[in-house]
There are 2 protein chains.
Amino acid sequence: MTKHNFPLSEVYSLLEPGPVIMISTSHKGKTNVMPMSWQTMIDFEPPLVGLIISNMNHTFGMLKATKECVINIPTANIAKKVVACGNVSGRKVDKFKKFGLTKAPASKVKVPLVDECYANLECKVVDSKLATKYNLFVVKVVKAWIDPKVKNPKIFHHNGHGKFTVGGKSMKIHFRLK
Amino acid sequence: MTKHNFPLSEVYSLLEPGPVIMISTSHKGKTNVMPMSWQTMIDFEPPLVGLIISNMNHTFGMLKATKECVINIPTANIAKKVVACGNVSGRKVDKFKKFGLTKAPASKVKVPLVDECYANLECKVVDSKLATKYNLFVVKVVKAWIDPKVKNPKIFHHNGHGKFTVGGKSMKIHFRLK
């Protein structure tokens with residue numbers, strides 16, 4: 001995909017709707033990628049994001065060691081690959097290779113973007129003190145990319161037990177108090 | 001609405017998809033309610049949830065003072081009321097009254113449930129130490145309610161700038177590594 005720069009001040013609009021995301025990491029020549037949905041915006045600009053990543057996941061150690069990751073936002077057309085990535089550990093498998101995901105170079109971190117995702121957020125860990133108690137990493141988005149051809153991205157949401165909901169009808173609601 | 005108990009171990013399946021939620025609070029005989037989307041699951045059971053609430057919001061002070069809230073999950077049919085609640089401060093207006101929302105009694109906290117929401121999670125603040133730095137409140141869900149008549153709740157998601165997406169098509173994806 002050919003991606004354009006996306007303004008950091010608008011990153012919240014990509015993450016606030018609560019999509020399934022994929023975290024890519026890179027350490028000692030090896031890369032990994034895991035899907036997750038336990039994330040929240042923490043601040044607008046610079047965009048701070050909270051990621052809850054279990055210390056049983058390979059990504060936890062990768063993040064601790066390298067302090068870098070990319071948040072990749074997939075659309076429903078690759079949902080099966082995304083779910084597949086969540087059902088095997090990067091300790092055992094090169095998931096990029098196994099599931100045919102393409103690595104694209106990042107600009108500010110040494111971690112590949114997942115090219116098939118319509119948006120990619122390059123991140124630096126700014127606080128991992130809360131990882132011990134809450135598995136919480138606070139990351140700062142330092143560069144954001146978006147595919148300008150994807151107008152209404154069909155992000156999807158996890159409802160537990162392998163059930164997902166794809167984004168449906170859009171609505172605009174502007175409210176002015178009378 | 002007549003609501004049933006909902007198992008605490010399944011609460012993640014309500015919050016993980018990233019719906020717009022409404023936080024109700026109660027302090028010194030006054031109640032308040034605000035919509036938000038900056039939240040994440042932190043742990044499964046007991047369910048811990050992280051809420052990012054700006055210290056400029058009336059709810060921030062209510063939570064600090066009382067350590068209690070209810071997370072109410074609305075569906076798209078009341079989206080206009082939900083958005084309206086986000087465009088005025090509880091310091092000035094009784095939002096339950098102004099927007100015709102119904103208070104229903106909670107069982108374990110002194111905060112009303114928003115009856116029009118299909119699910120309600122009674123919460124106690126277990127950690128507000130991170131409220132200063134990150135506006136982060138860690139809350140524990142102590143009781144969960146659900147309307148059993150709502151089979152496929154049309155939760156909705158905020159995409160910024162008054163644009164929302166309603167949950168659309170569902171899909172089941174079960175993956176077994178071959």
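This is a predicted model: local features need pLDDT of at least 70, side-chain atom pairs count only at pLDDT 80 or more; totals for chains, interfaces and linings use all residues.
## Two chains meeting across a two-fold axis

**Where the chains meet**

- The contact involves 42 residues of chain A and 42 residues of chain B.
- On the side of chain A that touches chain B, two or more residues each come from helix H1 (12–15), strand E4 (39–43), strand E5 (48–52), helix H3 (79–85), E11 and E12 of chain A.
- E12(A) gives the most to this side, with ten residues.
- Sorted by class, the side of chain A that touches chain B has 19 nonpolar, 17 polar and six charged residues.
- Of the interface residues of chain A, 100% are also interface residues in chain B, so the copies meet through the same surface.

**A sheet built from both chains**

- Here is a general point to start with: strands of a sheet pair through backbone hydrogen bonds, either parallel or antiparallel.
- In this model, four strands form an open sheet with antiparallel pairing, in the order E11(A)-E12(A)-E12(B)-E11(B).
- The edges are strand E11 (156–158) of chain A and strand E11 (156–158) of chain B, each of which pairs on one side only.
- On average, neighbouring strands of this sheet are turned by 40° against each other, direction ignored.
- Within chain A, three bridges join E11(A) to the antiparallel strand E12 (residues 163–172), and A:His157 stands opposite A:Thr165 in E12(A).
- Between the chains, seven bridges join E12(A) to strand E12 (residues 163–172) of chain B, again running antiparallel.
- Across this pairing, A:Phe164 stands opposite B:Met171 in E12(B).

**Helix H2 of chain A**

- Helix H2 of chain A covers residues 58–66, and its buried residues include A:His58, A:Thr59, A:Met62 and A:Leu63.
- Viewed down the axis of H2(A), the buried residues fall within an arc of 130°, so they line one face of the helix.
- After H2(A) comes A:Lys67, which has a positive phi, near 60°.

Terms used. Residues are numbered from 1 along each chain as its sequence is written. Chains are lettered from A and ligands numbered from 1 in the order in which they are written. Two residues are in contact if their C-beta atoms, placed from the backbone, lie within 7 Å. A residue is buried if 20 or more other C-beta atoms lie within 10 Å of its own, exposed if 12 or fewer, and partly exposed in between; C-beta atoms are placed from the backbone. The arc is that of the directions from the helix axis to the C-beta atoms. Two strands pair if DSSP finds at least two bridges between them. Axes are lines fitted to C-alpha atoms, for helices over the stretch in contact, and angles run from 0 to 180 degrees between N-to-C directions. Ala, Val, Leu, Ile, Met, Phe, Trp, Tyr, Cys and Pro count as nonpolar, Asp, Glu, Lys and Arg as charged, and the others, Gly among them, as polar.
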